[in-house]
Amino acid sequence: MTTSIHVTALDSVVNVNSLFTLAVFIGLAWNPYDPSNTLVEPNSGCAPTSKIAEDLIKFHVYSFSSFLFSSLVALAIKQAIKLSKPHTFNIHVTFRGSEFLEHVDVNKTLLRVGMVVSGAGSVAGCVFLMLALVNVVQIKVGTLACGSGHAFAAVVPLVILVPLALLIYVCVGLYAFTR
């Protein structure tokens, strides 16, 4: 089992989670109660309720927690791999020259479980971030309940493309574990 591939994958998970965590922090810094942050008239039937603003904050916190959990699990696995004692050194030749790859003994089952748990945390974080963005749209352009065309135009691609990307992510990840 090539652990350098796993370390690279774990690095990628941590890097992507960091970007999403930054997006969540920016979202949390935004004040949904500021009347200048909406295009909806306060007295119209499409004005967002306080429940939408509360859900926005909850989904941001859930998203942050999920991304943080995923990153910490990925970093723990990476650290465990780096602390493992090497049993052999192999030379791997690439078109750029030679490089030494260090292979270590790792518990394959624990590595896979940890990577699945980390991936599940990332997927949960994406779902919660998507739900938070749906609430941002409702606060900005009007609620979905009132039939705002602008809200539907923003939300429909979001709720189609994000789950589709997550499905591809999960399928490719599961495929990689079966090979």
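My entries below go from the overall fold to single side chains.

**Ground rules.** I am working with a predicted model, where local features need pLDDT of at least 70, side-chain atom pairs count only at pLDDT 80 or more, and totals for chains, interfaces and linings use all residues. Residues are numbered from 1 along each chain as its sequence is written, and side-chain values use heavy atoms, with hydrogens and water left out.

**Fold.** I looked up the secondary structure and found four helices and two strands in the protein chain. Their order from the N terminus is α-α-β-β-α-α. Helices (H or I, at least four residues) and strands (E, at least two) are DSSP runs, numbered from the N terminus. I also noted that 34% of the 179 residues count as buried. Buried means under 20% relative accessible area, exposed over 50%, and partly exposed in between (1.4 Å probe, protein chains only).

**Transmembrane record.** In UniProt, an unreviewed entry puts "transmembrane region" at residues 12–30, 59–77, 110–134 and 154–177. Such annotations may be inferred rather than shown by experiment; positions are in the numbering used here and feature names are shortened. I checked two of these spans. Residues 59–77 are 100% helix and 0% strand, with end C-alpha atoms 27 Å apart. Residues 110–134 are also 100% helix and 0% strand, and there the end C-alpha atoms lie 36 Å apart.

**Aromatics.** How many aromatic pairs does the rule give? I get three, counting rings of Phe, Tyr and Trp (its six-membered ring) with centres within 6.5 Å; planes under 30 degrees apart are stacked, over 60 edge-to-face, the rest tilted. F59 and Y62 are edge-to-face because their ring centres are 6.3 Å apart and their planes stand at 70°. Both sit in helix α2 (residues 50–83), three residues apart, about one turn of the helix. F59 is buried at 19% relative accessible area, while Y62 is partly exposed at 38%. Together with F128, F59 and Y62 form one aromatic cluster.

**Cysteines.** I looked for disulfides (a pair of cysteine sulfur atoms within 2.5 Å) and counted zero. For the record, C126 is buried at 15% relative accessible area, and C171 is partly exposed at 44%.

**One more side chain.** I ended in helix α4 (residues 149–178), which holds L167. L167 is partly exposed, with a relative accessible area of 49%.
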